[in-house]
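Visitor: I am new here. Could you walk me through this structure?

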Amino acid sequence: MFDFQLINGLAGLLIVTSLLVILSRGPANSARFYALQSFILVLTFLALAKETGSRELYLWSASAFVTKVILVPAIMYRAFSKLDDPRLGSGETMSPAVSVILAAGVVILCFWVVSGVALPAAEAIKPALAVSLAHFFLGLACIVTQRNILKQVFGYCLMENGSHLTLALLAAKAPELVEVGIATDAIFAVAIMAMLGTRIFLTFHSLDARKLTTLKG
Amino acid sequence: MVFSNLPLLILFGPLLAALAILLVPSRGFGLRLIELIHTVSIAAVAVLALAIASDVVDGAHLTAFDDWFAVDALGAIFVSVIGVVGFLTGLYSLSYIRHELRDGELDPAKVKSYYGFFSLFLFTMVLATIANNIVLMWVAIEATTLGSAFLVGCYGRKSSLEAAWKYVIICTVGVAFGLYGTVLAYANASDVLGNADSAILWTTLAAHATALDPMLAKLSFVFVLIGFGTKAGLFPMSAWLPDAHSEAPSPVSALLSGVLLKCALLVVIRYYAITVRAVGPEFPQMIVLILGTLSILVAAPLFFVQKDLKRKLAYSSIEHVGLIAVGLGVGGPLGVAAALLHAINHSLAKALMFCGSGNVLMKFHTRDLDRVKGLMRVAPVSGVLLLFGCLALAGLPPFNVFVSEFMVFTAGMKAGYLWLMLLCALFFTITVAGFIQIVAGSVLGKAADATPEGDVGVAALAPMGILLVLVIVTGVTIPGPILRLVGDATAIVTGDSTPVAFAMPWATQAAPAEVALAGPQLHTETKR
Amino acid sequence: MMTSVSDSMTMTLALATIVLPFGGAALIACAPGKASKWLCQIFALATVASILGVVAGFVEAGRAGATQDLIRIGRTEILGLTVDALSVLIAVAVIVIGFLVAVYSASYLTMGNREHPAVGRPRYYAFLLVFIGAMSGLVFSSTITGQLFFFEITGGCSWALIGYYETPKVLRSAAKALLITHVASIGLYVAAALLFLDTGTFAIAAIADLSDGSKVVVILSLLFAAWGKSAQVPLHMWLPDAMEAPTPISAYLHAASMVKVGVYIFARALLSAGAVPHVVGWVGATMAIVTLVYGFLLYLPQVDMKRLLAYSTITQLSYIFLGLSLSVFGSHLAFQGAVAHIFNHAFAKTLFFLVAGALSYTTGTRMLPSLRGIVTKNPLLGIAFVVAALAIAGVPPFNGFFSKFAIFSGGFAVAQENLLLLPMLVIALLESIGCFAWFLKWIGYSIPGKPSDAVASAQPLPMGMQVVLVALMVATLCSSFIAASWLG
């Protein structure tokens, strides 16, 4: 039972780190926090693996460590540290206080939704499950409210982490190949977005999503 | 179930071609070689797709790689659409891209990556249609975005970069919802079945759908619908679509609208099938119907007011995807069959029109309908093709869109949605008006004196001609194999395994044979 | 059912009346531009020959109606042909007039034309042929899907033909015609779908098997579609604007064919439906009278000859709707009168439009106030004008009289039991008189006397157009006898 508490606790930490990712100034900083968050995610996986005895989950933790803690943040750090649009600040359209309150609201809502699920596997880890769902929506909120297009990429990463956690929580024994598929896709997605973002910065000399308004109607 | 190499061949053919193209240098003779590889790749996909389809028509259920890949009648429909439309738009690309190269819109390096990503894009779409593993399905749809993002932003202009960015962001976010839905469905199944390996297969999910937890099944369907519905272009998640379709090179627009949207729809349809079995038809039908209707109601007026030819066509795509969703939403064998048929028909007609918009661009160098005048005068063959394309998409006979629109309409009335159908029909009248506007304003009329006379080359016109023939043939008679595939696919979707539940509106088992018998008389009418 | 050799021959010929024009159009699309007007006439003539073959075969087979499937899936008819007295009669009118218009167009679309000096392009002739083919297809269709199919094709062609001159104004009118009739086609969609859902087939004959409630809905949906094509209130507005079309097209589309699509599908439905609840008759008759009055009031201010004819067409079609609606109350005579009126009015109004076309060809205007003393300058044209006007007004011995008479006498017979019909018939009679007076006024103004400037400077009329006018004048005299003897 203790370990499930550990899992739930780690999941709670995920929310905190994602707020850090969203609110920090500059994409390079966000990349650091994202690496931190992914590390916590890997720890969660390990805890889960120990608890459920799932061999697959150990493998997952390893591959997630390689892709999410090292590769993706590295790509982003390298690509983004050259690009900076100081006029944007953190790029948030909402004040940090409002963001935090909103995040809290999302988490509460997700707890409520998850309470309706009746799967036996989900019993002990409902808080973590709720967190994973909330994490997903926090990522979405980040994309919607951000003006900085690079920060929007982090939003996607958060969403992806959220679904990843849900998968691990609900289906710990999923084949390793599935995990690899998801992780590879995420890397490609981030790489392509980073590339596009760079080209946009070089063409528009700005990272402001509001400047992208040629196409309308 | 038959093990077959065909799915693997059609999958890895274009992938290898893409890699080969990326290895060839883009200087001098290299470009010709790239074009050759490209042609071989698209031809191979077309031939293999039709081979797969013909096997499936004969009743086979092809599988490969531990059932991770499977082609049933439902998949075969979409594989053939990829094969045929991919081949024709690929052929069209040859002359279109050469033209862009001559005009200096693209440089050799970009041409090289265009062809490379074209094959890669085909690979990802084939993957999406033959995947039986639901996570792989998600991976494939996500990969289609990544594969086509470059194609959308190909020109590197400000507007195309913007379009590509919106495309990538909205679609990856949307598809992230799809991932969540997939995860929920998988978790649900693996918990219920207690077998983590087979729970990931769509066939297993569909077979044991009744055992699933209803709450999770519903939640999963909502996520999937939002996620893959984004990619399919359903309102309100369709914000990316007009931008991406209008900024991409025309053959790519044809591929996006004709094929990509349908691949995403296929995934939606697969989950629809699971959900219908798990929680009954009411819930999935209702939300699909709402989204479909909204798409039509919103897209039709927006379609009408656009001044940009390709944006117009993009909105028309949203509208037609909406109609397909309405077909699914009214449900029943008739509605599902109508939706599937409309998916096929719309692919052909829309590919024709987007290629036509490519001709317009080659002649006039603008998509602004106020400045495109008298296409018929300066380029008569393009003019005629565009004219018929417009009439076809407007839903007039003897073109195929008319047939399936009528079927959706009939299905809706059968399900008791008389007023809804009347509403949709009225909004489709706006579409007719819009297309007539295109023809009246831009195809006909007097061209500006500066526009040089002369049509685009035969190489660009031939694929369009073939598309037009297909649009007319499928409009005058539904060929037996298509009828068979649609019928079988409908049975797969609705979960009716009884043999009598053959899905055509005029439901009997012997239908294909009789069509073949009655067909020739009508053929004389079209072929003369 | 036994099918003899001559039966299948008749069916093949009937199919040929649909296929030949489409084939000719395809040929025109491929052939060089100069050949198009000849190809058009040749194929139109071949179609006339086929329909005459159908007539002969039909009479020989003892005038028994027959239906044959062309496409059928399972037990569901999708497309088929019905050859019976009604379809053959109307097909004769649309095909023969189609041929005459093709001949007339070859002379009209030349550089000699004072109103629109331009040589006819292949597109014109191709769409004209397609229109003829689509009309025979519609007339011979045995299913609602077939009707819908050809209904929409005529819509598309009418758009192409009305918009032929391609000025913005014309294109707007053309789009209007297409859109309004397309909205009307929703009625056909509904009817087809309902019929299929209730009976499992699209065959028109299956309307008879419907319950009363569904029958009313199906027929009223068809009636809605019919109003659109036949330019009845509230879907009438496209017709006067469509007068921007080349005049031979107006003659064909707005006198003989397109506007007759509506009344024909209504007639076909009533004929197949067996006993029809009276509510259909009430709706049809009421709207017919409303349209009649509306159309008549709008005649009065018109000075453009073609717009006058357009409103006159609207009212004449109301008579046909009135006749058909009266037949719902049990009057066989009214039905026959209405069908005969479809036939008669086609010839008379085509003649009138072609006279208008001849006037604008020779004088460069079709404004009635500047056309005076026509008979002095060009006797043939003057006489044709008078014949057409009197036929439309329903003066014996011209054809319009006989069919209107049948409608009225049938109507008064059933009005004995439905007294409310009486005032309607009286209004219609008053309109007839008003129409007569009004045309008499224009005859008196335009025909006799000293030619006005425009008429005095008129050029001679080409032979092709003269022949067509004479042929139509003869038809105007005989058609009602043909129709009467044909319908028995």
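Here are a few questions about the chains and where they touch.

Guide: This is a predicted model, where local features need pLDDT of at least 70, side-chain atom pairs count only at pLDDT 80 or more, and totals for chains, interfaces and linings use all residues. Residues are numbered from 1 along each chain as its sequence is written, chains are lettered from A and ligands numbered from 1 in the order in which they are written, and side-chain values use heavy atoms, leaving out hydrogens and water.

Visitor: Which chains share the most contacts?

Guide: Contact means heavy atoms within 4.5 Å. No contact joins chain A and chain C, and their closest C-alpha atoms are 25 Å apart. Of the 2 pairs of chains in contact, the one sharing the most contacts is chains A and B.

Visitor: What area is buried between chain C and chain B?

Guide: Buried area is the accessible area (1.4 Å probe) that two parts lose on being put together, summed over both. Here, 38 residues of chain C are in contact with 38 residues of chain B. Carbon and sulfur atoms give 79% of the buried area, which is about 3,600 Å².

Visitor: Which element gives the largest share of the side of chain C that touches chain B?

Guide: Helices (H or I, at least four residues) and strands (E, at least two) are DSSP runs, numbered from the N terminus. Elements supplying at least two residues each to that side of chain C include strand S1 (66-73) and helix H5 (144-162). The largest share, 14 residues, comes from H6(C).
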